[in-house]
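Colleague: Before we look at the model together, could you take me through how you read helices and a core, one feature at a time?

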Amino acid sequence: MKQLKLWWVSLQSREQRLVSMAGVALVIGAFYWLLWQPLHQSRITQQQAAENARTQLIWLQTQLPKLSQQSSAVRTSASLTEVVSQTSRSFQVQVSRMQPQNEQLQLSLEDLAFEQLLRWLHELQYQHGVRLVQLDIATADTPGQVRVRRMLIE
C-alpha cells in the first residue's frame with residue numbers, strides 16, 4: 001500500500017487526474033459488463049420465453065375444440081362393440097368377456113403379448129376414437145405375456 005501511495009505522489013497532478021478518470025471508467029465498464037448487461041439480457045430472454053409460452057397457450061386453446069370434435073367424429077361410424085369386435089379379430093386379440101355399461105364397455109381378454117395389446121389399444125384410440133378409462137393387467141405365466149383382467153373403454 002505504501003508503494004502505491006509513493007507512486008501516486010510521484011505522479012504529476014495531470015497524470016493523477018488521468019489515472020483517476022481511467023479508474024472511474026474501469027469501474028463503470030466493469031459494472032456494465034459484469035452486472036448490468038447480463039441481468040438485462042436475462043430479463044429480455046425471460047420476457048421472450050413468457051411471450052412464446054403465452055402464444056403457445058393461446059394456440060393450444062384454439063386447437064382444443066377442433067381436437068375434441070375430431071375425436072368424437074371418428075367414432076360415430078360404428079358402435080363400440082362393433083369396433084372392438086372388428087379390431088380384436090384383426091389384431092388376433094381374444095375377448096373372453098364383453099359387458100356394455102351405458103356409454104362404456106367392460107372387457108376381459110385372454111393372455112396375449114404385451115406389444116400386441118399396445119398395438120391394439122393404439123389402433124382403438126387413434127383410428128377409432130376409443131378412450132381407455134381403466135386397465136387392470138397382470139403378468140401371465142409366459143414371459144412377455146399379460147393377462148387383462150378388466151379393461152373399461154368408452
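**Helices against a core**

Modeller: The buried residues of H3 pack against strand S1 (95–101), S2, H4 and S5, and I would keep in mind throughout that this is a predicted model.

Colleague: Which residues of H3 are buried, and why do they lie on the same side of the helix?

Modeller: The general idea comes first: an α-helix has 3.6 residues a turn, so residues three or four places apart point the same way. In this structure the buried residues of H3 are Leu 80, Val 83, Val 84, Thr 87 and Ser 88. They are on the same side of H3 because the arc they cover around the axis is only 120°. Exposed residues, Arg 89 and Ser 90, are carried by the face of H3 turned away from that buried side. After H3 comes Gln 92, with a positive phi near 55°.

Colleague: Ser 88 is a polar residue in that list, so how should I read it: is Ser 88 buried or exposed?

Modeller: Ser 88, which lies in helix H3, has a relative accessibility of 7% and therefore counts as buried, the cut-off being under 20%. Its side chain reaches two backbone oxygens, that of Val 84 at 2.8 Å and that of Ser 85 at 3.0 Å. Setting aside neighbours within four places in sequence, Ser 88 is in contact with Val 93, Val 95 and Trp 120.

Colleague: Turning to H4, how far does the helix reach from its first C-alpha to its last, and which of its residues are buried?

Modeller: One can compare the span of a helix with the value expected at 1.5 Å a residue. H4, with 15 residues, reaches 20 Å from its first C-alpha to its last, which is close to the expected 21 Å. Its buried residues are Gln 116, Leu 117, Trp 120, Leu 121, Leu 124 and His 128. Because these cover an arc of only 130° around the axis, they fall on the same side of H4. H4 is followed by Gly 129, whose phi is positive, near 70°.

Colleague: Which members of the largest nonpolar core touch the most other members, and which elements give two or more residues to this core?

Modeller: That core has 17 residues, and those touching the most other members are Leu 117, Trp 120, Met 151 and Ile 153. Two or more residues come from each of helix H3 (80–90), strand S2 (104–109), helix H4 (114–128) and strand S5 (145–153). Leu 117, again leaving aside neighbours within four places in sequence, is in contact with Leu 109, Leu 112, Ile 137, Val 146 and Val 148.

Definitions and conventions
Residues are numbered from 1 along each chain as its sequence is written. This is a predicted model: local features need pLDDT of at least 70, side-chain atom pairs count only at pLDDT 80 or more; totals for chains, interfaces and linings use all residues. Side-chain values use heavy atoms; hydrogens and water are left out. A nonpolar core is a set of buried Ala, Val, Leu, Ile, Met, Phe, Trp, Tyr and Cys residues joined through side-chain atoms within 4.5 Å. Buried means under 20% relative accessible area, exposed over 50%, partly exposed in between (1.4 Å probe, protein chains only). Helices (H or I, at least four residues) and strands (E, at least two) are DSSP runs, numbered from the N terminus. Contact means heavy atoms within 4.5 Å. The arc is that of the directions from the helix axis to the C-beta atoms. A polar contact is a pair of N or O atoms within 3.5 Å; within protein, one must be able to donate a hydrogen and the other to accept it, and residues adjacent in sequence count only if both atoms are side-chain atoms.
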